[in-house]
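Reader: I'd like to learn how to read the contacts in a two-part protein model. Could you walk me through them?

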Amino acid sequence: MTQIASTFPDSQAVTAAYRNLNLVGGKRVPVSTGLDVLNPATGAVLGQAAASGAEETGAAVAAAKEAFPAWGATPARERGKAVAAAGRALLENFELVAQVLARETGKAIRTECRGEVKTAADILEFYGGLGSELKGETIPFSPNMLTMTTREPLGVVGAIVPWNVPLVLMMLKIAPALVAGNTVVVKASEEAPFATYLAAEIVMEFLPAGVLNVINGNGPDCGAALTAHPDVAKITFTGSEAVGETVYKAAAERIVPVSLELGGKSPMIVCDDANLDKAVAGAISGMRFTRQGQSCTASSRIYVHESLYEPFLKALTDALNALKIGDPLDEETDIGTIINAKQAAVVDDYVAQAEAAKGATVIRCGQMPEGTTLSLDLFALPTLLLDLPEDHPCVQNEIFGPVAVVQKWSDYEDVIAKANDSRYGLAATVWTETLSTALDATSRLNAGYVQVNQNLTIQPNVSYGGFGRSGLGKEASLEAMLAHFTRSKTIVIAMD
Ligand code: NAD
């Protein structure tokens, strides 16, 4: 038990302790105004988190700037050891962090939250081992000149995260940034800030004051202030396509590097020789139905060969009908709630548009919770949309809810073209028992993360990032740390 975690008897104490404050310069700093954070499963106010504006954001950047020279000069392996130790500490406290996460996101603790905290800890441990990889090169330019490159940290990194997988997405940013010698200001998601604060404070126990700072606030106030701040040398953002565009424009005005992990509408192609059981299980895990489909990589366009279409659909609906929707904190629950009323309305609107489409079929699976004291407003049934035209908004846009489009196909060239007919390019999967088909499809699919016969989430050590309007840059790998959290300096020394 770390010092921080041992001060909390339970998850309610965590939300109370982080009322209206930021974590800046190694301290809990009160903020005069706050934003209500709701428990999506009950509709009740869970707590209040800081409503930071430009002033509070500036204070966090100043703390990170002050801490940068010493942290940047700390030997890289020492930085890595601190980050790895923080990962082990987070893992020791995973149950408390998972409870906070389940209460603020509405995600089921058994199927989602515990796994998220463990992956977040794993990311810290993974990057903690990479300090010694911050290498440069020597270049055989001239026998009279020693020519080499070195890798340097960038300075203060601004990291902006969303609510759907806040801990994993935060660690994908802070772990490589810190190991590379940068200091960081994290902008938490105002929808789900408390687990972010708790996990960050556990990490901060292993770092000098000011190396990691966490602030919360509305995006247009706090996130925009961070993006625009002249002392922020790099922005790393995960969130929606629309806000990503805003962030990119703001960074362009200052000419600072940006990484963007944005939305997706990822295709899943089930070929006629696919293993049906594996493909159905892959559709459920890939569509992240246990996360209410609130995943950027959700396999939300499922193309099934006509020979397997009927059995696939039956097996998929049977499996979805068996998932239990209910209290996120109940160990028997598979599926919790959608994050908030705004997102639930977006999902409802898309389903209504599908219902209105000529020739389309809408299948709702599972059952709403019964006999519960929970608020039912944000629970939603897993839903399949069949026979939609390819240009329908439900086929083209990210819905970010438990709603998948299932289409029948017969011609291989046509299904590859349909899979690629998207402004996004985040992920794709192919289901086939034929190696040549797998190789052909993986080479032709326009997505940054392509898998065959499986549908893994983000994995430490495996580069992850989208093409097109899904974003810019990679995360989760050594490549990501070197490319996005260091700069390369060329040094040429005359030797004669
Ligand atoms: P969002 O874009 O609304 O918000 C993301 C973050 O940006 C929040 O912290 C928010 O406060 C902040 N923000 C809002 N306006 C801002 C502004 N003007 N300037 C700076 N920051 C601002 O996204 P969300 O609703 O929190 O998350 C869902 C979205 O995230 C989905 O579109 C999903 O696809 C995407 N996402 C992408 C990935 C990925 O790895 N590609 C992973 C998870 C989620």
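Author: Let's go through the domains, their interface, an aromatic pair and the salt bridges. This is a predicted model, where local features need pLDDT of at least 70 and side-chain atom pairs count only at pLDDT 80 or more, while totals for chains, interfaces and linings use all residues. Residues are numbered from 1 along each chain as its sequence is written, and side-chain values use heavy atoms, with hydrogens and water left out.

Reader: Into which domains is the protein chain divided?

Author: Domain bounds come from an automatic or database domain assignment. Here you get domain 1 (3-262 + 470-491) and domain 2 (267-459). Their C-alpha centres lie 30 Å apart.

Reader: How many salt bridges does the rule find across the interface of domain 1 and domain 2?

Author: A salt bridge needs a side-chain nitrogen of Lys or Arg within 4 Å of a carboxyl oxygen of Asp or Glu. Four of them cross this interface. Take Glu 112 with Arg 291: their closest N and O atoms are 3.0 Å apart.

Reader: What about salt bridges in the whole structure?

Author: The structure holds 25. One of them joins Lys 81 to Glu 78, with the closest N and O atoms 3.7 Å apart. Both residues lie in helix α4 (residues 76-92), three residues apart, about one turn of the helix.

Reader: How many aromatic pairs are there?

Author: A pair of aromatic rings is described by the distance of the centres and the angle of the planes. Rings of Phe, Tyr and Trp (its six-membered ring) pair if their centres lie within 6.5 Å; planes under 30 degrees apart are stacked, over 60 edge-to-face, and the rest tilted. The count comes to five. Among them, Tyr 18 and Tyr 197 are tilted, at 5.5 Å centre to centre and 50 degrees between the planes. Tyr 18 sits in the loop between α2 (11-17) and β1 (21-24) and Tyr 197 in helix α8 (residues 194-204), so this pair ties together parts 179 residues apart in sequence. Strands such as β1 are DSSP runs too (E, at least two residues).

Conventions: Helix = DSSP H or I, 4+ residues; strand = E, 2+ residues; numbered from the N terminus.
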